[in-house]
Each structure stands twice: as C-alpha cells, then as structure tokens.
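Open the structure in your viewer and keep the selection tool ready. The tour moves from one selection to the next and says what is found at each stop.

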Amino acid sequence: MVEVFAVASGKGGTGKTTSTVALGMALSDRYDVTVVDADTGMANLLFHAGLSDAETTLHDVLADDAPVEAATYDRFGLTVVPCGTSLDGFRNADPDRLRDVIAALAEDTDIILLDSPPALDSRTAVLPIVLADRIVVVLQPTIPAISDGLKVQEYATTYDTDVAGLLFNKVRESESIEQVSEKTERYFDGPTLAAVPESERAREARRAGRPLLAHAPECEAATAYRVAAESLTVRDGTAADAADRFQSAVIPESL
Amino acid sequence: MKLPRGRLDKSRVVTDPRDTLADVLDRELTGYAVFESQETLLLDGEGRGVITFTDGVPVLTYHTGTDRGGPPALADLAIPGPYHVSLYTLDAADLESAHEATDLRVPPGMPAERLGGDPALADSTRRAAPDERLSATDDDAAAAEDGTTEQSAVEAFLDDAEKIEAIKQQARSEARERAQQWEF
C-alpha cells in the first residue's frame with residue numbers, strides 16, 4: 001500500500017514542516033513513512049531532521065546528478081528526503097522530476113508526506129498538491145490562514161486531489177478552538193484531525209535541529225500530533241497505482 | 001479619512017500583508033499604507049484599505065469600498081491576497097488631525113492578528129505601542145476595544161458563508177485557468 005499526502009498551507013509560518021515531521025513520526029508506529037521536502041525553493045526539513053550537513057539532497061536528484069536512494073536518510077524512524085538550500089541547487093532542479101522521485105519512493109513505503117511550499121503562485125509550488133492523493137491542510141485559527149487554507153483546498157480538489165483533514169496548529173489558550181474548528185469544517189472536505197497548542201517545546205526542538213516528537217515526546221503538542229495521526233485513515237493503494245498516477249496526466253479530462 | 005499624500009516609500013505586490021506590517025514595525029514608519037486586493041471579483045474586493053501608523057504601530061483603518069472604519073474595515077480587507085501595497089511616509093504632525101478620528105481607531109495588534117494572521121507579530125506590535133494605546137482589555141491579547149475578540153472575529157468571518165463561497169469560487173476558477181498556463 002502507499003498513499004501520498006501533501007502537507008500544505010496557503011500561508012507561511014503555520015508550522016508546516018514541524019507538523020510534517022511530527023505527523024510522520026506519529027504515523028511511523030503503524031506505517032513505513034517517507035518524508036520529502038517538496039518546498040524546493042525554501043527548504044527547511046533538513047534543519048528539523050538534523051540533516052543540515054546532508055551531502056546529497058533532492059536538489060541533486062531533481063538535477064539528475066544523483067539517484068533518489070543517494071538522497072534518502074534514515075532518521076528518527078522515518079525515511080527522510082531533504083532538499084538543499086542553495087540558489088544554484090534550486091535553479092538546476094527540474095521540478096517535473098519530482099513525479100518520478102515520488103513514483104520511485106512509492107515502491108518501498110506505506111506513506112509519503114510531501115512538505116509543500118506555502119504558496120500557490122507558481123507551477124513548482126502547486127506541483128506537490130497535484131501529485132498527492134490527498135492533502136492535510138495546516139491552519140492557524142486566524143482569518144488569513146483559514147482563507148488561504150480554503151484556497152489550497154480548492155486548488156487541490158480542482159486538480160483531483162482530496163482532502164484528508166485539517167490540522168490546527170499554534171493554537172493559543174485564549175482561542176476557543178472547538179467553535180472555530182466546528183465552523184471551519186463546514187467549508188472543508190475533511191475533518192479536523194487535531195488542534196496542536198502553541199508550544200515552547202516546538203521552538204526548542206527547532207533550535208536543537210530535532211523533531212518535536214524526539215525532543216519532547218510527552219508534551220501536549222506531541223500528544224496532539226499523535227491524535228492527528230490516529231485520526232488519519234490511510235487508504236490502500238498500490239505502488240503501481242501511485243506510479244500510474246504520477247506518470248499519466250494529473251489533471252482530469254474535464255478541465 | 002483625509003490624509004496628506006506624503007512621500008511614496010514603497011509600492012509593490014505582496015502575497016501576505018503580514019510582511020508589510022512587519023516591515024513597517026521594523027522600520028518604525030510613520031505614515032500610511034494603502035492595500036488594494038488583486039482579487040477584485042470577491043465581495044468587498046472593490047476599494048482600498050488604508051492603515052495609518054505612528055512609529056510602526058497601526059493607529060487607524062479605513063476601507064474606501066465599504067466606507068467603514070476601525071475593526072470592521074479590517075474585516076472588509078481580510079480576503080486572500082495578493083495585495084498591491086503602497087507605503088507613504090509622513091511627519092507625525094501631518095497625521096495629528098487625521099488621528100483625532102477616534103471612530104476609525106484600531107487596537108495596535110489587531111491588523112497583525114486579522115490581516116497578517118500572526119499573533120506573535122501582534123504581540124511585538126503591542127510591545128512597541130505607547131502605554132496610552134494599550135487599554136486594559138487590549139492587554140489581554142484576545143480582546144479588543146470594541147469588545148470583539150480575535151476569536152469572535154474569526155467566527156464572524158466563518159459565519160459569512162457568502163464571502164467564503166466567493167473565496168472558494170475565485171480559487172477554483174484561478175486553479176482551472178492556471179492548469180492550462182502551467183501545462184499540467
């Protein structure tokens with residue numbers, strides 16, 4: 001089985017990368033999980049996964065300078081494909097190869113999480129959403145984050161990608177998240193998976209270059225990510241289905 | 001709201017108004033910003049939003065399309081970007097008479113909360129605000145001068161089904177248009 005999720009938000013600063021790694025680690029109790037930094041223009045997964053000195057990254061694979069195996073690293077119970085941060089690396093990368101990279105990774109894993117760019121303004125930014133089976137939308141309980149999240153959902157569903165659920169992040173105590181999440185769900189095609197509280201532990205973990213679930217596995221935020229992982233029902237798909245999907249037209253004929 | 005024109009400092013398209021608010025705070029700019037949403041098809045998308053600043057801290061807001069000021073003007077502006085933003089600098093003295101319009105006032109952190117969606121930036125803005133701008137309720141990050149909490153502002157936004165449907169529809173037509181352009 002394999003299912004590809006794009007972890008997406010229309011807006012930066014929602015804690016998308018922290019969420020991608022935390023969800024991945026929480027899911028790795030039950031599944032074989034691969035996490036890919038698909039934000040090739042502003043990569044930062046490597047800093048979250050203690051891979052800042054990784055020699056070969058997705059940039060090299062997308063530039064056809066290395067096979068995908070050379071850019072995969074086993075960290076914290078996950079298979080991690082980090083992306084480099086250099087401008088040259090970004091310039092030389094061919095985003096269309098991402099499709100083949102995912103198809104290759106799909107042969108050997110249960111779940112692929114794509115840490116996606118927080119934007120919808122270019123082909124490269126939208127590609128991970130197009131390639132995924134479903135998206136997980138990371139939201140803060142603010143008006144701009146929710147309206148940008150709605151845009152992400154509409155792009156995804158237009159491109160035939162479903163919504164797996166919503167993840168509220170950086171929720172402050174003063175925010176009555178139950179009412180907000182209930183009202184938000186009316187407009188989204190997926191349920192709220194969890195509400196993750198704003199957390200000093202998450203900031204510490206980021207500074208230490210370690211995932212939250214390794215740094216403070218018992219904190220409230222880490223617990224919320226495990227709740228999210230529990231709420232996510234992973235669909236069965238075969239590696240061949242995934243490969244087909246990535247090799248054939250990704251936009252439905254009706255467009 | 002009548003403002004002297006001032007000196008044009010910057011004029012550009014931004015995807016996130018948060019960046020403008022952070023830049024203005026960082027540079028302690030005194031003057032005003034004009035936000036014009038590029039999503040003109042949306043409800044309330046017509047017209048421009050104006051925010052004035054003293055030393056980087058927001059003071060007044062006004063929306064030319066709806067003729068509303070204060071917190072309601074921020075609600076009118078809270079639609080997805082990108083925005084075209086023009087920043088103008090003024091001497092503090094030039095803003096004095098405009099700033100007498102107390103009905104257009106917003107609590108210092110509110111634009112960062114509602115337009116920028118960044119509670120941390122709102123905290124920094126409140127820290128930079130002079131004491132007399134911080135009412136007892138605004139001290140509590142959740143409450144504003146008009147009694148509207150950030151939470152009820154988010155809920156009011158979510159209760160506006162028509163506006164949300166317009167946002168979704170706009171996004172769908174944009175996505176279809178771009179699918180061809182991007183050759184997916």
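This is a predicted model: local features need pLDDT of at least 70, side-chain atom pairs count only at pLDDT 80 or more; totals for chains, interfaces and linings use all residues.

Residues are numbered from 1 along each chain as its sequence is written, and chains are lettered from A and ligands numbered from 1 in the order in which they are written.

**Confidence in chain A**

The mean for chain A is 91, and 93% of its residues reach 70 or more. Then select residues 248-255 of chain A, where pLDDT stays under 50. For this stretch the model has 10 contacts beyond four places in sequence; two residues are in contact if their C-beta atoms, placed from the backbone, lie within 7 Å.

**Where the chains meet**

Show both chains: 30 residues of chain B are in contact with 33 residues of chain A. On the chain B side, the elements that give two or more residues are helix H4 (110-114), helix H7 (150-159) and H8. Helices (H or I, at least four residues) and strands (E, at least two) are DSSP runs, numbered from the N terminus. H8(B) gives the most, with 8 residues. This side of chain B divides into 18 nonpolar, 4 polar and 8 charged residues. Here Ala, Val, Leu, Ile, Met, Phe, Trp, Tyr, Cys and Pro count as nonpolar, Asp, Glu, Lys and Arg as charged, and the others, Gly among them, as polar.

Next select helix H7 (residues 143-158) of chain A and helix H8 (residues 161-181) of chain B. Their axes come within 8 Å and cross at roughly 45°. Axes are lines fitted to C-alpha atoms, for helices over the stretch in contact, and angles run from 0 to 180 degrees between N-to-C directions. H7(A) and H8(B) are therefore oblique to each other; angles under 35 degrees count as roughly parallel, over 145 as roughly antiparallel, 65 to 115 as roughly perpendicular and the rest as oblique. Residues making the contact include Leu150(A) and Tyr155(A) of H7(A), and Ile164(B) and Ala171(B) of H8(B). By class, the contact has 6 nonpolar, 2 polar and 5 charged residues.

**Two helices within chain B**

Move to helix H1 (residues 17-26) and helix H5 (residues 119-128) of chain B, whose axes come within 11 Å and cross at roughly 25°. H1(B) is therefore roughly parallel to H5(B). On H1(B), the contact is made by Arg18(B), Leu21(B), Ala22(B) and Leu25(B). Facing them on H5(B) are Leu121(B), Ser124(B), Thr125(B) and Ala128(B).

Is Val61(A) buried or exposed? Val61(A), in helix H3 (residues 58-62), is buried, with 25 other C-beta atoms within 10 Å. A residue is buried if 20 or more other C-beta atoms lie within 10 Å of its own, exposed if 12 or fewer, and partly exposed in between. Among the residues that Val61(A) touches are Val68(A) and Val101(A).

Select Asp64(A), in the loop between H3 and strand E3 (73-75). Asp64(A) is exposed, with 12 other C-beta atoms within 10 Å, and its phi is near 65°, a positive value. Most residues other than glycine have a negative phi.

Finish at Asp160(A), in the loop between H7 and strand E7 (162-171) of chain A. Asp160(A) has a positive phi of about 70° and counts as partly exposed, with 14 C-beta neighbours inside 10 Å.

Notes:
pLDDT is the predictor's confidence in each residue, from 0 to 100.
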